Structures are given as C-alpha cells and as structure tokens.
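Good morning, and thank you for coming. I would ask you to look at the structure on the screen while I go through its features in turn.

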Amino acid sequence: MKREITIERNTNETQIKMTLNLDGVGKYQVEAQIGFLEHMLELFSKHSLIDLKVKAIGDINRDNHHLIEDVGIVLGQAIKKAVGEKIGIKRYGSAIIPMDEVLCLCAIDLSGRYDFETDYKPVREKVNDFPTEMFKDFWKAVALNAEMNLHIQFLNPGENEHHRIEASFKAFARALRQACEMDERAKKILPSTKGKL
C-alpha cells in the first residue's frame, strides 16, 4: 500500500501544497516564507523519515498567524489521509527528546479522536520570524486535522525558546514515525477493539 498523499489548500489568506510520504527516507523541500517554520518542517522530515514537499504562500505582510496555522491544518490532513484505514499500524508512538538543556516528551495516539495537551509556556515573544504564541495554534491544527491525541510535555523546559520548539518538532517526528510504522506481528489487524479508527 502506497502511503503518499498530496494536499492542496487555497484560501484568500494562504495557498498551500504539500506532498507527504510516510514510507520515505526523510527527504524534504520546504518553501514557507517563514524561515524558522521551514527549519522546523525540515527537521521534522529528517527525524520522522517522512518525505515532505511544501510550497506555502500567505499574507505574512499582515501577520504570520494564517500561514503557520494553515500549514498545521494541511500537515494534519496529509497525515490522516496518508495513514489510511490504519490496518497494521502500531497506532501509538512516543518519544523523549533532549535538546541541550530541554527535555521534551511527545506521545501520539492515531485514535480518530482529537485532543491536544501541552504545558508549553513561552518566555519570549518570537524565535526569529516565528511568534511563540503560534506554538499551540500550530500543534492544535495538526492534531485536530489528523484526528489524533497529541501530548507535548516539557519534562525540563530549560531556558532557550529555540530549543523548546525544536525539541517538540523532533519529539513529534519520532513519535509519529513510531505510530505510523507497520506492526510485523499485526500486518492485517486494526489496532482497536471497536473495528474502526
């Protein structure tokens, strides 16, 4: 089964095209107008081994909010569609990632239900061109559109805002990689007693 999908989202505020391959090798090509967001998406691809191609244009002359949130929406939609009916996947994934002084935990359940929880508390307003208040909006958009439970907790929040956000993307990448992997012992089994995810 090919687990590759292309999603396009066009509004009056943003135009986004994303191709995602769950069974890739971590190749990426990202153009998103916001340098720090591009960096985060690139390292997400690298650490998840998900091939990712993104072309995102938005009204950043007004604010970065629309573009960042809409990229999160499209990423969530792409994950949901690429994972398909979820037969044979592990469903759950978790990772604890150190980023220098920061220690971040991410746990995922591809349950078909939405929840997002985090204890992230920004100390400064921006990391380069990325408003830190958008951290929660981005991850909420991903979780809601992927229909997943997503928990991002900082076991040690550290002192550096860049490290906190980068650790969250790396932890998410590793947790998602694990959740989407095919379970060798259950290749034809849906990981739920409900009969549907």
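Let me begin with a cysteine: Cys180 is buried, its relative accessible area being 4%. This is a predicted model, and the values I quote are computed from it. Cys180 takes part in no disulfide, as the nearest cysteine sulfur, in Cys106, is 12 Å away.

A disulfide, in general, is a covalent bond between the sulfur atoms of two cysteines. The model as a whole has 0 disulfides by the distance rule.

I turn now to the sheet. It is an open sheet of 4 strands, in the order S5-S6-S10-S7, with mixed pairing. Its edges are formed by strand S5, residues 92-99, and strand S7, residues 115-118, each of which pairs on one side only. From one strand to the next, the twist averages 10°.

Let us cross the sheet pair by pair. S5 and strand S6, residues 102-109, run antiparallel and are joined by 8 bridges. Within this part of the sheet, Ile97 stands opposite Cys104 of S6. S6 in turn pairs with S10 in the antiparallel sense, over 7 bridges. Here we meet Cys106 again, whose bridge partner in S10 is Ile152. Where does the parallel pairing occur? It occurs between S7 and S10, which are joined by 4 bridges. In that pair, Phe116 has Leu150 of S10 as its bridge partner.

Next, the helices. Helix H4, residues 161-180, lies across S5, S6 and S10, and runs at about 150° to S5. The two helices H3 and H4 pack at an angle of about 10°, and their axes are 12 Å apart. H3 and H4 are therefore roughly parallel to each other. On the H3 side, the residues that meet H4 are Phe135, Phe138, Trp139 and Val142; their counterparts in H4 are Ile165, Ser168, Phe169 and Phe172.

Which residues does Ile108 contact, apart from its neighbours within four places in sequence? They are Arg91, Tyr92, Gly93, Met148, Asn149, Leu150, Phe172, Ala175, Leu176 and Ala179.

Is Arg164 buried or exposed? Arg164 is buried, because its relative accessible area is 3%, and the cut-off for burial is under 20%. Leaving aside neighbours within four places in sequence, the contacts of Arg164 are Val102, Tyr120, Val123, Phe154, Pro157, Gly158 and Glu159.

To summarise, we have a mixed, open sheet of 4 strands, with helix H4 lying across S5, S6 and S10 and packing against H3 at about 10°. Thank you for your attention.

Terms used: Residues numbered from 1 in each chain as written. Predicted model: local features only at pLDDT ≥ 70, side-chain atom pairs only at ≥ 80, totals over all residues. Heavy atoms only, no water. Pairing = 2+ DSSP bridges. Axes fitted to C-alpha atoms, helices over the stretch in contact; angles between N-to-C directions. Contact = heavy atoms within 4.5 Å. Buried < 20%, exposed > 50% of the residue type's maximum accessible area, 1.4 Å probe, protein only. Disulfide = S-S within 2.5 Å. Parallel < 35°, antiparallel > 145°, perpendicular 65-115°, else oblique.
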